[in-house]
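Reader: I want to learn how to read charged side chains in a model. Please take me through one.

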Amino acid sequence: TWAARYRPTWDLVLDPLVLCKLCLGEYPVEQMTTIAQCQCIFCTLCLKQYVELLIKEGLETAISCPDAACPKRGHLQENEIECMVASEIMQRYKKLQFEREVLLDPCRTWCPSSSCQAVCQLQESGPQSPQLVQCKVCDMEFCSACKSNWHPGQGCQENMPVSFLPGETSSVYKMEEDDAPIKRCPKCKVYIERDEGCAQMMCK
């Protein structure tokens, strides 16, 4: 009885350490976080850094399990993300989610004015065909298809010849190769120039 109550410390069962598949370190269970959807487990610090990186870089709005071999292909829920990141990062995450919702919604679009960028509603009938859209914030009237100023009776500018300013060479704008310095956004048709960094862009 005495031996059962007063076992020596070397005879105690130690809490097992758990392997983090991101940093390959071993930590106590209390320093680990389990993703609810797939039950994959990682050290809290690694998972926090992983989530923050994806949000800061704007790479994902649905943050998946960092294990590429995850059998359930789980995703982190919003409440899980909110528990591990700062409030300003969480606000950015919600902003990215909203931007993606608008991008995928055929009945909503962004005002093309750089000083406005409000969300405008499209008519429910035939959202794919060009239609007049008037921004309720800045009153700009634009075409829903090409995002240019409304052009009644004319085709969209994307089907018209591109005019160039004096001194500009059309070859710079017409290049379609991956290394072209200036390209047109396939969504909003605005010309963009890549001067550094990765080639990934998110259109508003």
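Author: Start with R108. R108 is partly exposed, at 22% relative accessibility. Partly exposed is the range between buried, under 20% relative accessible area, and exposed, over 50% (1.4 Å probe, protein chains only). This is a predicted model, in which local features need pLDDT of at least 70, side-chain atom pairs count only at pLDDT 80 or more, and totals for chains, interfaces and linings use all residues. Residues are numbered from 1 along each chain as its sequence is written, and side-chain values use heavy atoms, with hydrogens and water left out.

Reader: Which side chain does R108 meet in a salt bridge?

Author: A salt bridge is a side-chain nitrogen of Lys or Arg within 4 Å of a carboxyl oxygen of Asp or Glu. R108 pairs with D105, at 2.8 Å from N to O. D105 is partly exposed as well, at 23% relative accessibility.

Reader: How many salt bridges does a search of the whole structure find?

Author: Four. One of them joins K21 and D67, with the closest N and O atoms 2.7 Å apart. This pair links distant parts of the chain, 46 residues apart. K21 sits in the loop between β1 (18–19) and β2 (26–27), and D67 in the loop between α2 (44–57) and α3. Helices (H or I, at least four residues) and strands (E, at least two) are DSSP runs, numbered from the N terminus.

Reader: Are K21 and D67 buried or exposed?

Author: K21 is partly exposed, at 43% relative accessible area. D67 is buried, at 17%.

Reader: What separates E99 and K95 in helix α4?

Author: About one helical turn, because they are four residues apart in α4 (residues 87–104). E99 is buried at 6% relative accessibility, while K95 is partly exposed at 45%.

Reader: Now a charge without such a partner. Where is E80 found?

Author: In helix α3 (residues 78–84). E80 is buried yet has no salt bridge. Lys and Arg count as positive, Asp and Glu as negative; His and the chain ends are not counted. The nearest side chain of opposite charge to E80 is K72, 12 Å away.

Reader: Which backbone nitrogen does the side chain of E80 reach at 2.9 Å?

Author: That of A36. The backbone nitrogen of Q77 also lies 2.8 Å from a polar atom of the E80 side chain.

Reader: Which residues is E80 in contact with, leaving aside neighbours within four places in sequence?

Author: Contact means heavy atoms within 4.5 Å. For E80, these residues are T34, I35, A36 and H75.

Notes
A polar contact is a pair of N or O atoms within 3.5 Å; within protein, one must be able to donate a hydrogen and the other to accept it, and residues adjacent in sequence count only if both atoms are side-chain atoms.
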